[in-house]
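This report walks through some local features of one protein model. Please keep the sequence and the structure at hand while reading.

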Amino acid sequence: MHNGLIELRNICQQYKSRERVFTAVNNVNLKISEGEFVVIVGPSGCGKSTLLRIVAGLQKPTSGEVLYRGAVIEGVNPHATIVFQTFALFPWLTVQQNVEVALKARGVSAGSSATRAVELLDRVGLDGFETAYPRELSGGMRQKVGFARAMAVEPELLCLDEPFSALDVLSAENLRRDLLELWASGKIPTRSILMITHNIEEAVTMADRIIIMDKDPGRVVAEHPVSLPYPRYNKDASVIHHMDTIYSVLAGQTQPEEVEMGAEPGEAGHMRTLPSVSLNELTGLMEYMAEMPADTANLYELPKELNVEPDNLLRLSEAAEILGFATIAHGDISLSPLGETFVEASIILRKEIYAKRIQRLPLVHWVLQMLQNAESNEIKWDDLKEVLEAEFTPRVAEKQLDVLIDWGRYAELISYDDREEVFSLAI
Ligand code: ADP
């Protein structure tokens, strides 16, 4: 039985700018129990950071209540600490002194704070770096000092605002693992963690529960429990399944998969062709839309503004729609929360989102399976074309292969050797 640690009741946050009152967070209710690792995902501007500040008591909401262990909290929550994307370390202090600052601020004596700081640094794996200066450390190590400093406060509730997003892939991976180990070991007094991220894989591999938010106004649209044992690997079928579900929610998918996606070759039903566009262009379209008010553009004006052929634009919008990046209604195309998440993502994350989304398309799924079953995971262009000609005219089959090459390469799912004219699985 879990005990409630923190509870948000009917939280609303409005911001006033000039004449306008803007609702950044609308009626959010959220309860986090002891022992829970909760992650919030959602597009920029949906109020994630605002909520985190409210939880930590750094900001008073316009209305609603924050309860901590059942009691209403006013002002800063002494039991919560926030770790930000880039931790501001004092450059003129050593690693150890940076941690001691936090301890002294809590009233720990100078003598004990030195011992404690060394312990904390040891725990995050920085043994031997006590006398180094922040500039001498890698980004990952600096963030570890940030974690050690946050731990020095011994927070019962640890709030993390995209703590890994500024790090290179390897450091992020290591630090995630370290944090999960620390969390699971019970060596830290932290009872609950609330983390914000844009990275769906990170959310699924770390969280007990994922809160999905959307904007205009910022609100919770869905919750998704993830009860998988740790360690979780991104290639595990169960992890992939959870990621797909989160992407579907972000994409605002309303139709069952088979209706929305069409049939695979050989199955009864309509087989959908892949729109013949390059993913580079599609990325360009989404970046453009993200600059527009309400992330919406008019389909009839777009060709002129983007300098693309109207036909090509139609194919691009179709691609955006089948990948769940946009919705089209009344001649307007609008980014979905997934599309917004994509635009905000790093190049590596964008490739992952593309990979996730295009694998759902029956044609891509089918070709991937054929490659998996093929000798050396390779199939000749000619052979694949022949198979596709059972479904499509020769011209369409060829076009589909072109699209597969472009999309497969971009998403790093399928490779194509131009000289040998062979498709293979990208590893
Ligand atoms: P997220 O973390 O999901 O990107 P934020 O909580 O930072 O969202 O912001 C939610 C919305 O509130 C955004 O539209 C942002 O511009 C606005 N906002 C955030 N802080 C302030 C502020 N201090 N004053 C005015 N508007 C703000």
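## Backbone features in loops

Glu421 counts as partly exposed, because its relative accessibility is 41%. The model is a predicted one. Glu421 sits in the loop that runs between β15 (414-417) and β16 (422-425). The phi of Glu421 is positive, near 55 degrees, although the residue is not a glycine.

Ala294 also belongs to this part of the report. Its phi is about 55 degrees, again a positive value in a residue other than glycine. Ala294 is placed in the loop between α9 (279-291) and β11 (296-298). With a relative accessibility of 64%, Ala294 counts as exposed, because the cut-off for exposed is over 50%.

Cis peptide bonds come next. One joins Asp216 and Pro217, with omega about -5 degrees. Pro217 is in the loop between β9 (209-214) and β10 (219-225). Another cis bond leads from Tyr230 to Pro231, where omega is near -5 degrees. Pro231 lies in the loop between β10 and α7 (237-250).

## Helix pairs

| Helix pair | Angle | Axes |
|---|---|---|
| α7 and α13 (residues 347-358) | about 95 degrees | 11 Å apart |
| α9 and α12 (residues 337-344) | roughly 100 degrees | within 10 Å |

How are α7 and α13 oriented to each other? The two helices pack at an angle of about 95 degrees, and α7 and α13 are therefore roughly perpendicular. On the α7 side, the contact is made by Ile240, Met243, Asp244, Tyr247 and Ser248, and on the α13 side by Ile353, Lys356 and Arg357. By class, the residues of this contact are 4 nonpolar, 1 polar and 3 charged.

The axes of α9 and α12 cross at roughly 100 degrees, so α9 and α12 are likewise roughly perpendicular to each other. Thr283, Met286, Glu287 and Ala290 of α9 meet Gly339, Phe342 and Val343 of α12. The contact of α9 with α12 consists of 4 nonpolar, 2 polar and 1 charged residues. The helix α9 has been mentioned above, as the loop holding Ala294 lies between α9 and β11.

## Cavities

How many cavities of 30 Å³ or more does the structure hold? There are 2 of them. The largest cavity contains about 70 Å³ of space. Its lining is made up of Arg123, Val124, Phe147, Met151, Leu175, Asp178, Leu179 and Leu182.

Which helices each supply at least two residues of this lining? They are α4 (139-152) and α5 (169-185). The largest share, 4 residues, comes from α5. By class, the lining of the largest cavity has 6 nonpolar residues, no polar ones and 2 charged ones.

## A covered helix

Helix α1 (residues 48-55) is mostly covered, with 6 of its 8 residues buried. The buried residues in α1 are Lys48, Thr50, Leu51, Leu52, Ile54 and Val55. After α1 comes Gly57, and the phi of Gly57 is positive, near 75 degrees.

## Two residues and their neighbours

His79 is located in the loop between β5 (71-72) and β6 (80-83). Its relative accessibility is 34%, so His79 counts as partly exposed. Leaving aside residues up to four places away in sequence, His79 touches Tyr68, Pro155, Glu156 and Leu157.

Is Gln96 buried or exposed? Gln96 is buried, because its relative accessible area is 16% and the cut-off for buried is under 20%. Gln96 belongs to helix α2 (residues 95-105). Residues up to four places away in sequence again set aside, Gln96 touches Ala114, Ala117, Val118, Leu121 and Glu130.

Notes
Residues are numbered from 1 along each chain as its sequence is written. This is a predicted model: local features need pLDDT of at least 70, side-chain atom pairs count only at pLDDT 80 or more; totals for chains, interfaces and linings use all residues. Side-chain values use heavy atoms; hydrogens and water are left out. Buried means under 20% relative accessible area, exposed over 50%, partly exposed in between (1.4 Å probe, protein chains only). Axes are lines fitted to C-alpha atoms, for helices over the stretch in contact, and angles run from 0 to 180 degrees between N-to-C directions. Angles under 35 degrees count as roughly parallel, over 145 as roughly antiparallel, 65 to 115 as roughly perpendicular and the rest as oblique. Contact means heavy atoms within 4.5 Å. Ala, Val, Leu, Ile, Met, Phe, Trp, Tyr, Cys and Pro count as nonpolar, Asp, Glu, Lys and Arg as charged, and the others, Gly among them, as polar. On a 1 Å grid over the protein atoms alone, a cavity is a set of points where a 1.4 Å probe fits but cannot get out, and a pocket is an open set with protein on both sides within 12 Å along at least five of seven lines; lining residues have an atom within 4 Å of a point. Grid points are joined across faces, edges and corners, and a volume is the space filled by probe spheres set on the points.
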